[in-house]
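Please look through the sequence and the model below before reading the points that follow.

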Amino acid sequence: FLGIYPDLSSIYKKIARFDSVKEENILITSGIDGGIKTLFEVCTSHEDLVGVVSPTYAMYKVYSKIFNTKIFEIEYTDKFEFDHSKYYELLKLNPKILFLPNPNQPVESYFSIKELKKMAEETKKINCILFIDEAYHLFGSDSAVKLIKSFDNIIIGRTFSKGFGVPSIRLGYLISNEENISILSKTRFAHESNSLSNAIGEYLLDNFEIVKEYNDKIIESREKIKKDISEMGFKAYGNFGNYLLIDFKSDELAKKVVSQLREKLIYVKGSWPGKWSKCITISVGPYDIMKEFINVLNKILLSK
């Protein structure tokens, strides 16, 4: 097993079966960020314009700088909503790619299949690729995979890092029509992944009930935590991921919460820069583990 080069034929078959697509519709990558890098390599030229929501996954901006492209940020409104006016402003500038996490993190926006179809139509008219990042799709959101049959400008990114819970194996993949995958695959390494990562990925696909059982616990925990935060007098945002964005209403309180949680060895993201400086993001685990976070947070808030 370790003495031969990786054979990816088996994992391609299992991913294709899992997502109800053909093997020719898939390209395995090093996580979703490997897929993002591939898109920049193949689909952009110097000073092309790409669109992203903001704030979002940092690697979009990182690769934009590396590949010398211009970036247009669709910032979220003060009401934590996707800014549709900014989206249409972007379309008028003829971007090459729109990177759209569905759902996004840390500020969550979520688009229904009907909404994604409309966006696919609008971006197709200007020859813009719609990259739908489905990193969190196993936590309650619908998938746009079926749309690849109707729209040749849709490319979907998937990963084993979130819903499957194994970010360390660096396994992800792209889904699109056969022609797009044929073009994108020309940049692939001699072996898209390694045998150990493939074996773990195959095991989880073969035993998906393990994944689903754990994710059901995360979804249940997410809803309980939202209720707990509400009872503390604050709002927690998030309906489709394994994370929550908590609005503490003031920069000072958000910073205090982060600092005092850290003293108890509880690490969160935040506070965020700019108008999100009053917010933090937490990753959600099973509720029996998250109780410690809730108890510590409650003590911090009572001491304010």
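Is D247 buried or exposed? D247 counts as buried, at 9% relative accessibility, where buried means under 20% relative accessible area, exposed means over 50%, and partly exposed lies in between, with a 1.4 Å probe and protein chains only.

1. On the basis of this note: this is a predicted model, in which local features need pLDDT of at least 70 and side-chain atom pairs count only at pLDDT 80 or more, while totals for chains, interfaces and linings use all residues. Residues are numbered from 1 along each chain as its sequence is written, and side-chain values use heavy atoms, with hydrogens and water left out.

2. On the sheet of 7 strands: these strands form an open sheet with mixed pairing, in the order β1-β7-β6-β5-β4-β2-β3. Here strands (E, at least two residues) and helices (H or I, at least four residues) are DSSP runs numbered from the N terminus, and two strands pair if DSSP finds at least two bridges between them. The edges are held by β1 (26-29) and β3 (70-75), each of which has a single partner strand, so one side of each is left without a neighbour in the sheet. From one strand to the next the twist averages 20 degrees.

3. On one pairing within that sheet and the helices against it: strand β5 (residues 129-133) pairs with strand β6 (residues 154-159) in the parallel sense over 4 bridges, and L130 stands opposite I154 in β6. Helix α2 (residues 31-43) lies across β1, β2 (49-54), β4 (97-101), β5, β6 and β7 (172-175), and runs at about 170 degrees to β5. Helix α3 (residues 59-66) packs on the sheet as well, where it touches β2, β3, β4 and β5, with a direction that makes about 160 degrees with that of β3. These angles run from 0 to 180 degrees between N-to-C directions, the axes being lines fitted to C-alpha atoms, for helices over the stretch in contact, and contact means heavy atoms within 4.5 Å.

4. On the sheet of 4 strands: the order in this open sheet is β8-β9-β11-β10, and the pairing is antiparallel. At its edges stand β8 (235-237) and β10 (269-270), each with a single partner strand, so one side of each is left without a neighbour in the sheet. Strand β9 (residues 243-247) pairs with β8 in the antiparallel sense over 3 bridges, and in this pairing K235 stands opposite D247 in β9.

5. On salt bridges that link separate parts: a search of the whole structure finds 18 salt bridges, each defined as a side-chain nitrogen of Lys or Arg within 4 Å of a carboxyl oxygen of Asp or Glu. One of them joins R170 and D33, whose closest N and O atoms are 2.6 Å apart; R170 lies in the loop between β6 and β7 and D33 in helix α2, so the pair links distant parts of the chain, 137 residues apart. R170 is partly exposed, at 34% relative accessibility, whereas D33 is buried, at 16%.6. On two further bridges: D216 forms a salt bridge with K212, with the closest N and O atoms 3.0 Å apart, and both residues lie in helix α8 (residues 208-231), 4 residues apart, which is about one turn of the helix. D216 is partly exposed at 38% relative accessible area, and K212 is partly exposed at 45%. The side chains of K278 and D247 meet in a salt bridge at 3.7 Å, N to O; K278 lies in the loop between β10 and β11 (279-283) and D247 in strand β9, so the pair ties together parts that are 31 residues apart in sequence.

6. On helices α1 and α7: the buried residues of α1 are I11, Y12, K14, I15, A16 and D19, and they pack against β1, β6, β7 and α7 (195-206). Just after α1, S20 takes a positive phi of about 55 degrees. L204 lies in helix α7 and is buried, with a relative accessible area of 10%. Leaving aside neighbours within four places in sequence, L204 is in contact with F164, V166 and V211.

7. On the surface: F1, L2 and L196 form a nonpolar patch with about 380 Å² of accessible area together. Such patches are made of residues with over 30% relative accessible area and no salt bridge, like charges being joined within 9 Å and nonpolar side chains (Val, Leu, Ile, Met, Phe, Trp, Tyr) within 5 Å, and accessible areas come from the Shrake-Rupley method with a 1.4 Å probe, only the protein chains shown counting as cover for residues. F1 is placed in the segment before α1 (9-19) and is exposed, with a relative accessible area of 59%.
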